[in-house]
Each structure stands twice: as structure tokens, then as C-alpha cells.
Amino acid sequence: MGVAEVVVSQIPNFHKLAWLSVLAAIMSFLYASIGLGLAVARVASGTWGKGETSSSLTGVEANGMDKIWRMCTAIGDMAFACSYSAILIEIQDTLRSTPAENKVMKKASGVAVSVSTVFYLLCGCFGYAAFGNRAPGNMLSASGFYEPFWLIDLANVCIVIHLVGAFQVTAQPVFMRFEAWASNKWPDSEFVTKEYRIRLPAAIFGVNPLRLVGRTALVTAATVVAMAVPFFNDVLALLGAVSYWPLTVYFPVEMHIAQSKLIRRSSGGGGRRRPPANWIGLQLLNLVCLVVAIAAACGAIRGLSHSLLAYKPFMFEQ
């Protein structure tokens, strides 16, 4: 995975990343549909999972509080899936000037969020119906569905391809900000600004030394961290909880308040001044999402600590 990302990371910008983004989206639909179809088939066959407030959870006896913590971690995972606001501006930059960019983005965001929400709800509900308290973090792993083998293998291939594209879409803003900073700081350095053309039988590729070294270093570091902390769901939940509230809720809400010129206080009857209802509603949204993000972060940290404690004896044995 790391080697593949090193190669694909040399794609210079979002404009040339469109094909990989489309491929990743198709793969996402495929493996989500496969998982949903297998869960529906399991439920339709009469094999229902057992779900209780306190009972066996993924093979370990768990009480009600353990399930609440796991639910918080799951909320963090969902928050990560919704934290796409960091790349909205870069995506909007790839659009044509007509029709209006804001209208296109509004429509695209509405369709994307609606479709994603439907898939998440269906997969979550049918996955829990199929496995109950023993629902695994990944339904398409050995602890979830294991047959038909060819279909499970196909779904996992789709997951890998999707993650290659997803990492690129998420990392591109980081790459571009770093390279823009380096270009402003060292505008006369050939290492930073020089573009070398490499002619291959199929195409001509541009290679920049800074892009090659910097992006390879970042991907290598991410790969090492991923191998050192192999707890996908908990790490994902922590990243989602940390980034969700400030990037997806707080800043967009504050920008909307500034753009709409919603003042904090307005004149009321009898000379009294009171906050307008829409301002209060937006601040309540901020507060509720902040509480949810904190709960998700706590659940993720607890899950990581438990996973690390369980992982330590294995490392000593090795």
C-alpha cells in the first residue's frame, strides 16, 4: 500500500487526480454494495444477530458501559467519513466558471451526503441485524463474512483501490500547501521549482525533486505509523473526532454567520436586546456537535488504549 501511494503521490494536483477519484468512488460503491447484499442475504435467510444492552461483544463479555464506549468510537468513524470539508475548496477550483461554482458545489454536496447517508444507514442497520453484538469492525474480514470467497476477495480488492484514491484526495491539500510554502521561501532553488520531463512509451511525466522527496517522505512516515499502530477503526475514529467539529461544523457555521451578517444581538420589544433565533440555532448546532466530537474522541482513545494493552503481550512474545 505504501509503495503504491509513493507512486500515485507524484500526481501533481487535483486537476490530474480526477480519474483516480472517480475510480475510488466506483470501488466504494462496489464494496459497500457487496457488504450490504451479504448482510441482507444473511438476514433474509433467518440468521439474525443477537443484540442486547449487555452481553457478548465481538467474542468478549461486555457490559452496557463497554457498548456505550464502542458506540462513541463508531460515531467517530462516521465523523471521519463526513470530514470532507478540508478538500471542498480544492474540488471547487477544478470546476468551470459556468454554471456558477457555488450552485454546482451545493448540488454535488447534497447528492453526495444523501447517497452516503443512505449507504451508511443500510450497512449499519443490516450489519447489526446480521451479526448483533458480534458485528466486526470490518464485515468483509475473516470475523465477518467469509463466503463466497471470490466475492469477499473482490470486495477487499475494491477496498484497497478505494483507500489508495481516498488517501490521495485527503493528502493532496497537505502536499500542495507544503510545496506552495517551499516555493515562496526558496523561489530560486531548482530543487524546489525545476520540473524534469521523463518520456515513457505511454506518456510524458513531469518529476519535481521537492515533490518526489517530500511526498515520498510523508507517505513513508504515514506507512510506518500505520504498521506500528494497526488498529484501523480506533485510529479512524480519533482522526474523525479531532477533525470533524472544527473543520466540518465550527468554521463553516462561523463563515455562514459572517457571510449572512447574522448579528449576535437584535432589538426586541420594550427596548430589550435578544439573540436572533437563527443565530441561537447555529450556536446550538455548534455545541451539540462539539459534545458529540468529544464523546467520540474519548471512545477512540479508550479503544486505542485497550488495543495497545492487548497488543503488548503479543509484541513481547514476538
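Me: Is Cys289 buried or exposed?
Reply: In this predicted model, Cys289 counts as buried, since its relative accessibility comes to 11%.

Me: And how does Cys298 count?
Reply: Cys298 counts as partly exposed, with a relative accessibility of 37%.

Me: How many disulfides does the structure hold?
Reply: The structure holds zero disulfides. For Cys298, the closest cysteine sulfur is that of Cys72, and the two sulfurs are 7.6 Å apart, which is too far for a bond.

Me: Remind me, what is a disulfide?
Reply: A disulfide is a covalent bond that joins the sulfur atoms of two cysteines.

Me: What should the span of helix H3 be, and what is it in the model?
Reply: Helix H3 covers residues 64–82, and its 19 residues should span 27 Å at 1.5 Å a residue; the end C-alpha atoms are 27 Å apart, so the expectation and the model agree.

Me: Which residues does Ser85 touch?
Reply: Leaving aside residues up to four places away in sequence, Ser85 touches Leu247 and Thr248. Pro252 is 167 residues from Ser85 in sequence, yet the C-alpha atoms of these two residues are 8.5 Å apart in space.

Me: Let's change topic: how many salt bridges are there?
Reply: The structure holds two salt bridges. In one of them, the side chains of Arg215 and Glu179 meet at 2.7 Å, N to O. That pair links distant parts of the chain, with Arg215 in helix H8 (residues 209–228) and Glu179 in helix H6 (residues 149–185), 36 residues apart.

Me: Are those two partners buried or exposed?
Reply: Arg215 is buried, with a relative accessible area of 2%, and Glu179 is buried as well, with a relative accessible area of 15%.

Me: What about the salt bridge of Glu195?
Reply: The side chain of Glu195 meets that of Arg211 at 2.8 Å, N to O. This pair also links distant parts of the chain, for Glu195 lies in the loop between helix H7 (190–193) and strand E3 (196–199), whereas Arg211 is in helix H8, 16 residues apart from Glu195. Arg211 is buried, with a relative accessible area of 7%, while Glu195 counts as partly exposed at 35% relative accessibility.

Me: Where does UniProt place the feature "transmembrane region"?
Reply: The unreviewed UniProt entry places that feature at residues 17–41, 110–129, 149–167, 212–232, 238–258 and 279–304. Residues 149–167 are 100% helix and 0% strand in the model, and the end C-alpha atoms of that span are 27 Å apart. Residues 238–258 are likewise 100% helix and 0% strand, with end C-alpha atoms 30 Å apart.

Me: And the chain as a whole, how many helices and strands?
Reply: The protein chain has ten helices and six strands. Of its 318 residues, 30% count as buried, and the chain exposes about 19,900 Å², of which carbon and sulfur atoms supply 69%.

Me: What share of the contacts join residues at least 24 apart?
Reply: Among contacts between residues at least 6 apart in sequence, 69% join residues at least 24 apart.

Technical notes. Residues are numbered from 1 along each chain as its sequence is written. This is a predicted model: local features need pLDDT of at least 70, side-chain atom pairs count only at pLDDT 80 or more; totals for chains, interfaces and linings use all residues. Side-chain values use heavy atoms; hydrogens and water are left out. UniProt positions are given in the numbering used here, feature names are shortened, and annotations may be inferred rather than shown by experiment. Helices (H or I, at least four residues) and strands (E, at least two) are DSSP runs, numbered from the N terminus. The expected span of a helix is 1.5 Å times one less than its number of residues. Buried means under 20% relative accessible area, exposed over 50%, partly exposed in between (1.4 Å probe, protein chains only). Contact means heavy atoms within 4.5 Å. Accessible areas come from the Shrake-Rupley method with a 1.4 Å probe; for residues, only the protein chains shown count as cover. A salt bridge is a side-chain nitrogen of Lys or Arg within 4 Å of a carboxyl oxygen of Asp or Glu. A disulfide is a pair of cysteine sulfur atoms within 2.5 Å.
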